[in-house]
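Subject: Structure for you to look at

Hello,

Here is the structure I promised you. Please open it next to this email and follow along.

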Amino acid sequence: MKTVKDISEITGVSIRTLRYYDEIGLLKPTKLTEAGYRLYDNKALEKLQEIMFFRELEIPLMDIKKIMDNPNYDKEQALLAQKSLLEQKRNRLNGIIELITDVMKGVNTMSFGAFNNEEVQKIVNHTLECMSKESLDMQIQKYGSMEKYKEHLAAGFANEQATADLLKWYGSKGKAIEAVMQATGNTEEIKQEQDENAKIYKQFMIAKEADDMDMAHSAVELLAENYKAMFALDNARNILLDLAKEYLQNEKLAEVTDSQFGKGCSEYVAHAIQHYYGVA
């Protein structure tokens, strides 16, 4: 048996809080001494631990009491649910901490100025320079002329949603332009990045078959690193969350991914990304 003081030292829960739990019937002591001192056994300590898990989820005390007093209360199922919810909370906080760290380093300064014509033309010209002759000829044939193809590329920057996505991914217009200008069009580099992506997606499918969320989270981390390399990003959180959203809403994109890596791949990757960043 342990005293209130012992329990407080072991768990970090204050003596005053333990007394209050007794008063409202949430956690009664195992027995009282003749002098009126509260004593707790290991079973009571385990119950206190469950209460602490519920409190981490910010569930009100009286709601916790109702849950635990329910005759159908299943401790094991409750712990599994708590574990899942706390993991989501942890992942959401990890994502926020990651963003704060970037802000402290000067990343994601959130400068949302629109792209002017000079900047758009600079990006378009650089994009054309990076394209292989074969790819460029195909696009010119498709659009009818070089000028028509240039107009098509420039039109993308008139799309408010596309521009907003770019600014969200890079944090500022300057970062977005800098990233685009770093692109070389090197086919060997692109192939290496695509091959790395394919390897990561195969890991997702292994995790899916094994129902191993830890392995899936590891794959999300690898995918984030590859996306940072592919798109010259400081932080891949927003682009991956947008990718997850697309997988769940864009049937054609999901079908293409599933046909390449296996049925259900796109949905699994989407949920793994959302779970990793604590948004689902």
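A helix here is a DSSP run of H or I with at least four residues, and helices are numbered from the N terminus. Asparagine 226 sits in one of them, helix H12. Keep in mind that this is a predicted model.

Is asparagine 226 buried or exposed? Buried means under 20% relative accessible area. Asparagine 226 has 8% relative accessibility, so it counts as buried. Leave aside its neighbours within four places in sequence, and asparagine 226 is in contact with Glu193, Glu196, Asn197 and Ile200.

Now look at H11, which covers 187-210. H11 has 24 residues. From its first C-alpha to its last, H11 reaches 35 Å. That is close to the 34 Å expected at 1.5 Å a residue. The buried residues of H11 are Glu193, Asn197, Ala198, Ile200, Tyr201, Phe204, Met205 and Ala207. What do they pack against? Their partners are H12, H13, helix H14 (251-261) and helix H15 (265-276).

Most residues other than glycine have a negative phi. Two residues here deserve a look on that point.

Aspartate 211 is not a glycine, yet its phi is positive, about 55°. Aspartate 211 follows H11. It lies in the loop between H11 and helix H12 (213-231). Aspartate 211 counts as exposed, because its relative accessibility is 68% and exposed means over 50%.

Alanine 232 is not a glycine either, and it has a positive phi of about 55°. Where is alanine 232 found? Look in the loop between H12 and helix H13 (237-249). Alanine 232 has a relative accessible area of 24%, so it is partly exposed.

Two packed helices are described by the angle between their axes and the distance between the axes.

Start with H13. The axes of H12 and H13 come within 10 Å. They cross at roughly 110°. H12 and H13 are therefore roughly perpendicular to each other. Their crossing is right-handed. Which residues meet there? H12 brings Val220, Leu223, Ala224, Tyr227 and Phe231. H13 brings Ile239, Leu240 and Leu243.

Next comes H15. The axes of H12 and H15 come within 9 Å and cross at roughly 85°. So H12 and H15 are roughly perpendicular to each other. On the H12 side you will find Met213, Ala216, His217, Val220, Glu221 and Leu223. On the H15 side you will find Tyr268, Ala272, Ile273, His275 and Tyr276.

Another residue to check in H13 is asparagine 238. Asparagine 238 has 17% relative accessibility, so it counts as buried. Not counting residues up to four places away in sequence, asparagine 238 touches Lys168 and Trp169.

**The nonpolar cores**

In soluble globular proteins, nonpolar side chains tend to be buried together. Here is what this model shows.

How many residues does the largest nonpolar core have? It has 41 residues. Phe204, Leu223, Leu240 and Ile273 have the most contacts inside this core. Several helices each supply at least two of its residues: helix H6 (117-130), helix H8 (146-155), helix H10 (173-182), H11, H12, H13 and H15. The largest share, 7 residues, comes from H15.

Finish with isoleucine 273, which lies in helix H15. Its relative accessible area is 0%, so isoleucine 273 is buried. What does isoleucine 273 touch, not counting residues up to four places away in sequence? The list is Val220, Leu223, Leu240, Leu241, Leu243 and Ala244. Isoleucine 273 and phenylalanine 261 are 12 residues apart along the chain. Their C-alpha atoms are separated by 17 Å.

**To recap**

Start your tour at H12. Asparagine 226 is buried there. H12 is roughly perpendicular to H13, and H12 is roughly perpendicular to H15. Then go to isoleucine 273, one of the residues with the most contacts inside the largest nonpolar core.

Best wishes

Methods: Residues are numbered from 1 along each chain as its sequence is written. This is a predicted model: local features need pLDDT of at least 70, side-chain atom pairs count only at pLDDT 80 or more; totals for chains, interfaces and linings use all residues. Side-chain values use heavy atoms; hydrogens and water are left out. Buried means under 20% relative accessible area, exposed over 50%, partly exposed in between (1.4 Å probe, protein chains only). The expected span of a helix is 1.5 Å times one less than its number of residues. Contact means heavy atoms within 4.5 Å. A nonpolar core is a set of buried Ala, Val, Leu, Ile, Met, Phe, Trp, Tyr and Cys residues joined through side-chain atoms within 4.5 Å. Axes are lines fitted to C-alpha atoms, for helices over the stretch in contact, and angles run from 0 to 180 degrees between N-to-C directions. Angles under 35 degrees count as roughly parallel, over 145 as roughly antiparallel, 65 to 115 as roughly perpendicular and the rest as oblique. A crossing is left-handed if the near helix is turned anticlockwise from the far one by less than a right angle, and right-handed if clockwise.
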